[in-house]
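The structure is shown first.

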Amino acid sequence: MIQERTLPTFDVSTVQLSKEDGLMLYEDMVLGRFFEDKCAEMYYRGRMFGFVHLYNGQEAVSTGVIRAMRRDWDYVCSTYRDHVHALSAGVPARQVMAELFGKATGCSKGRGGSMHLFSGEHNLLGGFAFVAEGIPVATGAAFQSKYRREAMGDASSDSVSACFFGDGACNNGQFFECLNMAALWKLPIIYVVENNKWAIGMAHERATSEPEIYKKAAAFGMVGVEVDGMDVLAVRTAALEAVERARAGEGPTLIEAMTYRFRGHSLADPDELRSKEEKEFWLSRDPIKQLSAYLTEKNLATAEELKEIENKIQAIVDESVQFAENSPEPDPSELYRYVFAED
């Protein structure tokens, strides 16, 4: 059997999408896809080192959630598969690519690499290499937003945090502990489970007693939503509702986005565990192709306009590589900088 679980349906006729928003979503998703393809090229050419986990196939989740939020105001917390989350959050492609090259101009000053992207300027709280490690960090960010507003009287403190993690993280203690606290204190946070069916080489259905993760929200009296993570419009609709609920002080939401990574766990993974039939099923549901078809069908964009966007993004990605290659290495004299807080 290709999949044990029926994908949730979504009525696209209920979507109110302007041409401007439609093109924004398409551009954001294409940026994520083209950037990751370039990363693969650079990795196999020996220009990029270490573990590199790509996001191909999951773009609808990053774009659908993060672009439903307010850039430079709301918070984003990621995992080791963090490149595209950073791009959606507004971190320039050149800064992300430079970080992957270990250069001083990278968003983490060359100290983080692929799994530890961070940008205080863009409220990107970091990529985290350990499974579920970012969940408490995002929960803390949501707590400070609420504390500033309610305890310190800052009426402008209405930021929302989005916390991304995979299905494998949902068997860890941090997941349950943080959902409990978030529900108890009605924190303004969205927990986004990117359920791509595989935790490295472990099939999701073999690792949990309740495969439908969104149902676990009920144990905490929290709203739990299941969405088709290959449909950016479905994800965006769920995210907009969750953001509105969080900003209004109505507490957290757990969104389970059913998605799929088109590549192996990392670029070092030969990807031999997943069946050809399973891969073909999900490849046929490419989120970028689905959005492209929707935009042209609804006369929100022409094929020429979409091609122009792709050409524009390819130029941005190509320039990011040139920028990274021409950027300096971190100065050895700054080896201990950023280890401790500075005045």
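On a 1 Å grid over the protein atoms alone, a pocket is an open set of points with protein on both sides within 12 Å along at least five of seven lines, whereas a cavity is a set where a 1.4 Å probe fits but cannot get out; lining residues have an atom within 4 Å of a point. A volume is the space filled by probe spheres set on the points. The model is predicted, and totals for linings use all residues, while local features need pLDDT of at least 70. Residues are numbered from 1 along each chain.

| Space | Volume |
|---|---|
| Largest pocket | about 350 Å³ |
| Second largest pocket | about 170 Å³ |
| Largest cavity | about 50 Å³ |

The largest pocket has 28 lining residues, and Tyr80, Phe165, Gly166, Asp167 and Gly168 lie nearest its centre. Strand E2 gives the most to this lining, with four residues. The second largest pocket is lined by residues including Cys107, Arg111, Phe118 and Tyr338.

Two cavities of 30 Å³ or more are found in the whole structure. Among the residues that line the largest cavity are Ile66, Met69, Asp72 and His122.

Helix H10 covers residues 303–326, and its end C-alpha atoms are 35 Å apart, which agrees with the 34 Å that its 24 residues should span at 1.5 Å a residue. That expected span is 1.5 Å times one less than the number of residues. Helices are DSSP runs (H or I, at least four residues), and strands are such runs too (E, at least two).

Definitions and conventions
Predicted model: local features only at pLDDT ≥ 70, side-chain atom pairs only at ≥ 80, totals over all residues. Heavy atoms only, no water.
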